[in-house]
Amino acid sequence: MKQHTIIWILSIGLLLTMIIALGVGAFSIPVQDVLILLIQKFGLMHDVQVDEIYNDVLYIVRFPRVLLGVLVGAALGISGAAIQGIFRNPLAEPGLIGISAGASLFAVLIIAFETVLFVGLSQLLGYYLLAFAAFVGAGLTSFLVYQLSKKQGIPRVTTMLLAGIAINAFAGALTGLITYIADEQQLRTITFWMLGSLGGATWDNVIAIFPFILIPLFILPFFSKPLNAFALGETQADLLGMRTDLVKRWVVVLSTMAVGASVAVSGIIGFVGLLVPHTVRLLGGVEHRYVLIASAVFGALILTLADIISRVLVAPIELPIGVVTALLGTPVFLYILMTEE
Amino acid sequence: MLRVEKITYEVKGRKLLKDVSFQLRKGEVLALLGANGAGKSSLMRLLCGDTVPTEGQVSLMGKPLQQYSPMELAKKRAMLAQHNNMSMAFKVGEIVQMGRYPHYRSIPSIHDQEIVDEVMDVCGVSLFTDRSYLSLSGGEQQRVQLARVLVQIWDNPDSLLLLDEPVSALDLQFQQQVLALTKALSRKGFMVVVVLHDINLAALYSDRILMLKNGRKWCEGTPIEVMEKQNIYTVFSVQADVSIDTKTLQPIVKLEELLLDADQFNTKLPQIRKKDKVIDGYIKNYKSDPLYRLDEESMEMGLSELGLLRLAYPQHVSLLIPDFVALLTEFAKLGTVYSIAYNKAGYMEMKGVYTLPISDQNRQVWIVQNEAYRMSLDMTTWSAGVAVFNEWGQSFQFFDHKGLLLHKVVLIEGTSNKEEYDGLLARYKSPDQDALQKDAATLLPTSPSIVPLCMGRSIALPLWKSIVAQSFAQKTRASCSLINAEGIYTYEGQIMSLVDQGERYQIIYPDCTITLDKLQGLRIVLEINEKDTDGATFSLCDENNRVAMQFQIERGLLSHPSCSNFVLESQTEQLKKSIQI
């Protein structure tokens, strides 16, 4: 199958899933009503009457949620693909450079000590304090990992991998320590955050992370040539005239932006960054222009699908979406691994 | 033009390259040779501009590498690295395409695509275009990488091509093809630097060779200038013979085999290996010296000389039917041959024509005799005979029941009759060649030894030597006999020369050489026969007091004054007494 055909099919799949996702939930809207309401937004079919409450649920509750899922999924997918390209390893993921660990640490810090230490900040940022802290944490740790990976001023990928593992372990330990001293209520919040959820979706949320995810989504595909060259090894990429140091820096910065913003609003959603690019490669090859774009689309598709499942499976209770992605992703991933040549 | 000026490269205080300078003109292939760790790969990294030298500089077309922008340089030089590890399953076509990355922004032009297609054809990888790189064999992967590197600079003949061991994973055909391709490219103007391990390939395909030793330039020049025994030994620490190929006038390097004793460093393997190893050692010695004899130790291990011969030359030994008397009567037809007789003390090598043997009815002995030699042979002791054709020539060899070599007839190039030999072999070749391997006991039993015991007085070795020397100096006739289980071989004449190497002692007659291998182990006994008033006989006796060799001289020599210098007082007395008898 041609690579652009795959991308088209995935995109159409994504659109269909989004439409389904808009209807499905504790309060379900029939698909035809969803479509009518969407078409009415473009100034058509005003003569068809749809229940007013459908309109409110769709535009106030569902739409931001589905959009958030699409954005976060695309961010996780494309960053995963880019990070795997940099590390020349199909088993790498954004978490490797400390993004998730840093975000968790800072988020947990806020949850546990908000009322004690961060009163001023809390008043200033209000509801967004947690997201802000998570984003800052993601950025700081990945910056730290990147700086630690430098040898004689040049970032080394192998050092980056090891520094990432070390920083992850360190941040994980601190997170564990704070979790240990947290009280019952805080513990629930921490657990919920760590498992990931799109439940907090609002238009404000979506608008806040929109630029952080959109910019990487548009810029990262331009790195496909250097990322392909990276597969030959850093030296060979250098010899082909690629500025590998710049490539590494920008890929880390853009991935951190996208994943940091995602983690900030939705908590940690595991496995998407690892599984999506891997599946995409199996479908249509490893060339990065295709892998980056298809990973973004497929990531959005998978997360929207996972969100539907998390809302439907034990409705009216919502499962944490991180649990769904991991529960469904693991068997699929293992199946792929076992059947791979 | 590539100019390398006094570059030194240091990593953590260790100088990997020291003061290396050279130049490469357009259209030249330079081969870089050196042992592991000599600095070849470091030099390549400096040449490609990936690493900056600590001192000195590398310039391409008059401009230092560091002044090029990465993209500019990527269009002017390409390098095939020694190792190309990829973990992602790129298609072969995609990988080769990457070589054109410096030349286009997002979509390759038709020109780029044409270059990719042409180079893939040339490198023999166009069939793999849609296959995953990871599914290819090592050699195929290497060719794909080469194609990618060539694509990078294919349309720019001013560029520099660096190849670090490009043929290490390739089969013979592609080794030739890849190097021929680089040479052909150089004729279009490309500059090529290639690291090779095969010095013969380097001699064939390069215009100049640079040898590195411990980070320094050891020598540089045309293949014929630098490929010499001394340079190769210095740079690679191997012994090699260098000759000039008469066709190409290029040097050819032939390596000498390096033998290692596994038991010296591999102590974990069971001791059983040792026996094989010892036998291997014997076979090696045997092949290097046609006169090599087995020692007692190996005989105890169950290895016989016949066995050794058959092990060393499994394809070249034919067993003969044991009708040795008939065979002996036919040896006369062979013309002039070497006849060699062996015993434990040494051997006697005579050159001449066999006469028809005469039977000595009383003693069951056959006598072959002319004016110079006499062989008195007890054929019943001959248990096995073989015909051998190996690098030492054609021969018949005869062994006793223990597999010990007794008698050998060796053809001489030019003087022996080879057709006769082939005829004899055809008639006497045993139909059952495996008879001996099945059961060593099938060797015929032997009659009791005819070797006499030693009788008489011992004398000192130097005395005996001096008497032999006297015989040589005075040109008197002296006869020498070798005695083994099979018979007595005697040669009489004037000694032509003596060779004394301590353990090894040789008496050389015009057509006969007697070699004593273990002179120190022999006891020398002087026998004076009252009946024979002219002669005195020295018997050289082995540890069992059996006569191994007899040496007969004119008695007059014993009274010569120069002898007394070597003889102790008491022994002089004894001598005088014995002479008086």
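Reply: This is a predicted model, in which local features need pLDDT of at least 70 and side-chain atom pairs count only at pLDDT 80 or more, while totals for chains, interfaces and linings use all residues. Residues are numbered from 1 along each chain as its sequence is written, chains are lettered from A in the order in which they are written, and side-chain values use heavy atoms, without hydrogens and water.

Me: How do you know how many salt bridges cross the interface of chain A and chain B?

Reply: A salt bridge requires a side-chain nitrogen of Lys or Arg within 4 Å of a carboxyl oxygen of Asp or Glu, and across the interface of chain A and chain B this rule finds zero. A search of the whole structure, over all chains, finds 22.

Me: What makes A:Arg311 and A:Asp307 a salt bridge?

Reply: Their closest N and O atoms are 3.3 Å apart, which is within the 4 Å of the rule, so the term applies. Because they lie four residues apart in helix H14 of chain A, about one helical turn separates A:Arg311 from A:Asp307; helices here are DSSP runs (H or I, at least four residues), numbered from the N terminus.

Me: What makes chain A and chain B count as being in contact?

Reply: Contact means heavy atoms within 4.5 Å, and 24 residues of chain A meet that criterion with 27 residues of chain B. Buried area, the accessible area (1.4 Å probe) lost by two parts on being put together and summed over both, comes to about 2,100 Å² for these chains, 61% of it on carbon and sulfur atoms.

Key: Helices (H or I, at least four residues) and strands (E, at least two) are DSSP runs, numbered from the N terminus.
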